[in-house]
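Trainee: Can we go through this model together? I would like to learn how to read a protein–DNA surface.

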Protein chains: 2
Amino acid sequence: MDALLRFIHAMTTFSEESWIRLQPALSTQEFKKNEFLLKEGAVCQSLFFIEKGYCRSFYEIDGVEKNTAFYLENEIATNIRSFGSGEKSAAGIIACEPIKAIVFDKKLLFEAAAQTAEIEALGRNCIRLFAAKQDEFATLFNIYAAKDRLAYIEEKHPHLLQRVSQTQLASFLGVARETLSRIRKRRVP
Amino acid sequence: MDALLRFIHAMTTFSEESWIRLQPALSTQEFKKNEFLLKEGAVCQSLFFIEKGYCRSFYEIDGVEKNTAFYLENEIATNIRSFGSGEKSAAGIIACEPIKAIVFDKKLLFEAAAQTAEIEALGRNCIRLFAAKQDEFATLFNIYAAKDRLAYIEEKHPHLLQRVSQTQLASFLGVARETLSRIRKRRVP
DNA sequence: TTTCACCTGTGACGATCATCACAAAATATA
DNA sequence: TATATTTTGTGATGATCGTCACAGGTGAAA
């Protein structure tokens, strides 16, 4: 819970009282490797604060998984479209390592937010941060070629490369595994 | 202002009183064609509700503009990362047609939100909608090839094709203008 | 240690794309 | 209307990428 408190305090002002009022919406949950946090087709009812381990969000297209995001320690994992709208999620979220997460239940979170402005602001800031992260990676695809996307990740998110396999990274960068291998090779001076 | 009220009511519950309290944060503003709503390098202090006309968000990379979004009537235009964080925007927003917009001033909006839960909820829902739209188009790039991205826009956002030139659309789809022309030609039965 | 599943690198080849160049068509402006 | 500007289509060519195929390497479980 300490990590979550630090995460919250880094984002917004949050009193002891708000923390206590937030508790009913929280629960800890563990996931084994390759266990689903969210199955595609299900409605996303939760925000997952990742304490330990990491997971990935992906779409399955013609039997092939296309990764759209990785969520590492001290980040919030969710499907923002399904969580916000209540519609089924087209993407799944799956644990890449054993995960310890603190789960925000949507219904209970909204009840707590209705009571306290600080919790309402917390929810807003979580969405804002999530949107900013999404914007960052969406921009990657809009303006860069594959090799530049790799360079960007190497510079701005080097920790990702320490954890994620080439296969998973290639899927995230939007190229075939073989192409990623060749991009690496091509630019070695 | 009617269009804005309809937009708000479609999204969240909003009393007469909240509407009155929101007024100080609002102003109407007009932009000529090719006038900037937001210059790249500036901090985004506003949400622009588009009443008439449309605009596009773009990055300039090596002298070439890469479109990342179009904002048409009854949509909110902004740079979510700069608006949320207060950092400079790497993207610009420019009017593609003469625009009439209702501008939400960030500072005054936050003051109004601090007073009223409904306005706070409005802000949260605006961000949520914006994030959902962003997620939709980010996914486009993650999982589809260029020709499938075009097919998606044709099916889900046909009104875009009525307004936007091939050149602008190609930039948005992430292909050269010539390639878009050939994609169209290639699949005609 | 051996086996087996999985990950990574690499070659070959066809498909798709970017780029340069130029002409035709559409649109704006005088 | 006539002229200028912008937009679009198309050919040629080289670069990049996806796919199929296979080999070497790594790590986990028997």
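Trainee: Which polar side-chain atom lies 2.5 Å from a phosphate oxygen of DNA strand D?

Mentor: Polar contacts are read as pairs of N or O atoms within 3.5 Å. In this predicted model, the atom belongs to A:Thr179.

Trainee: What reaches a base nitrogen of DNA strand D from the side chain of chain B?

Mentor: B:Arg182 places a polar side-chain atom 2.7 Å from a base nitrogen. For B:Arg177, an N or O atom of the side chain is 3.2 Å from a base nitrogen.

Trainee: How many residues surround DNA strand D, and which are the closest?

Mentor: Here the cut-off is 4 Å between heavy atoms. The count is 16. The closest are A:Ala176, A:Thr179, B:Gln166, B:Thr167 and B:Arg182.

Trainee: What is the secondary structure of chain A?

Mentor: Chain A has nine helices and eight strands. Its radius of gyration is 18 Å, close to the 16 Å of the globule rule for 189 residues, so chain A is as compact as a globular protein of that length.

Trainee: What share of chain A counts as buried?

Mentor: Buried means under 20% relative accessible area. In chain A, 52% of the 189 residues qualify.

Methods. Residues numbered from 1 in each chain as written. Chains lettered and ligands numbered in written order. Predicted model: local features only at pLDDT ≥ 70, side-chain atom pairs only at ≥ 80, totals over all residues. Heavy atoms only, no water. Polar contact = N/O pair within 3.5 Å; in protein donor to acceptor, adjacent residues only side chain to side chain. Helix = DSSP H or I, 4+ residues; strand = E, 2+ residues; numbered from the N terminus. Rg over C-alpha atoms; globule rule 2.2 N^0.38 Å. Buried < 20%, exposed > 50% of the residue type's maximum accessible area, 1.4 Å probe, protein only.
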